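Open the model in your viewer and keep the selection panel at hand. Each stop below says what to pick next and what is there.

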Amino acid sequence: MWESLNSKFSKYPARMAVAKKMIELGLRVSPDKKIYCGDLKISDSALAIAADVDRRVIKSTVNVIVNDDELLEVFSNILPAGTLLKNIAKNLGLGVVEIEAGEDSKGVLAASALLMSEHNIDIRQAYAGDTQLQDNPVLTIITEIPIPGDLINEFLKIKGVLKVSVL
């Protein structure tokens with residue numbers, strides 16, 4: 001997908017910034033050229049501020065998307081991922097572990113889930129950064145109980161893991 005986006009927006013970095021921000025935030029484009037997060041309509045000016053571009057760039061990006069079948073297929077089907085519990089986990093009595101992975105990050109999620117399963121720790125949520133958008137993506141796992149500190153060394157033994165933080 002990123003190769004296609006890069007080829008369509010390579011001459012227009014501001015439009016690429018808008019497309020990336022839309023994907024990051026789970027924003028979709030409707031055929032009537034409106035932008036939505038779920039069923040909530042998003043104003044062009046609000047997205048322009050978030051993407052740090054002029055409001056006119058939003059209109060031009062949406063026009064490109066609506067007039068390109070491949071882009072419209074992608075951007076009309078984006079769904080927001082929902083609430084990430086990371087910032088409120090402590091308030092809810094949940095645990096949070098952030099695992100930074102390097103280029104070789106294949107299997108980090110599976111190995112981390114297995115490690116927690118072996119220690120009878122239930123996973124409530126897992127969110128991984130996109131390897132195409134970040135050099136060292138971060139896997140955030142929210143657990144039913146706080147992560148014991150002695151598991152940090154176990155996480156660090158997983159192939160591809162660079163850094164582990166328990167919040």
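Which residues line the second largest pocket? Select Leu84, Lys86, Asn87, Glu98, Tyr127, Gly129, Gln134, Val138 and Thr140. Bear in mind that this is a predicted model. The space here is about 160 Å³. By class, the lining has three nonpolar, four polar and two charged residues.

Now go to the largest pocket, with a volume of about 550 Å³. Its lining has 19 residues, and Ile23, Glu24, Leu25, Ala81 and Tyr127 are the closest to its centre. Colour strand E5 (123-128) and H2, which each supply at least two lining residues. E5 gives the largest share, four residues. Eleven lining residues are nonpolar, six polar and two charged.

Next, the largest nonpolar core, of 23 residues. Select Val18, Met22, Ile35, Leu47, Ile58, Ile65 and Phe75, which have the most contacts inside it. Helices H1 (2-9), H2 (13-25), H3 (44-51), H4 (55-66) and H5 (69-75) each give two or more residues to this core. H4 gives the most, with five.

Centre on Ile58. Beyond its neighbours within four places in sequence, Ile58 is in contact with Val18, Ile35, Asp44, Leu47, Ala48 and Val53. Another core lies apart, with 15 residues, including Val97, Ile99, Val108 and Ile158.

Last stop: the open sheet, three strands in the order E1-E2-E3, with antiparallel pairing. E1 (28-29) and E3 (40-42) are at the edges with a single partner strand each, so one side of each has no neighbour in the sheet. Two bridges join E1 to E2 (residues 35-37). Pick Val29: its bridge partner in E2 is Ile35.

Conventions:
Residues numbered from 1 in each chain as written. Predicted model: local features only at pLDDT ≥ 70, side-chain atom pairs only at ≥ 80, totals over all residues. Heavy atoms only, no water. Core = buried A, V, L, I, M, F, W, Y, C linked by side-chain atoms within 4.5 Å. Buried < 20%, exposed > 50% of the residue type's maximum accessible area, 1.4 Å probe, protein only. Contact = heavy atoms within 4.5 Å. Pairing = 2+ DSSP bridges. 1 Å grid on protein atoms, 1.4 Å probe; cavity = no way out; pocket = protein on both sides within 12 Å on 5 of 7 lines; lining within 4 Å. Points joined across faces, edges and corners; volume = space filled by probe spheres on them. Nonpolar A, V, L, I, M, F, W, Y, C, P; charged D, E, K, R; others polar.
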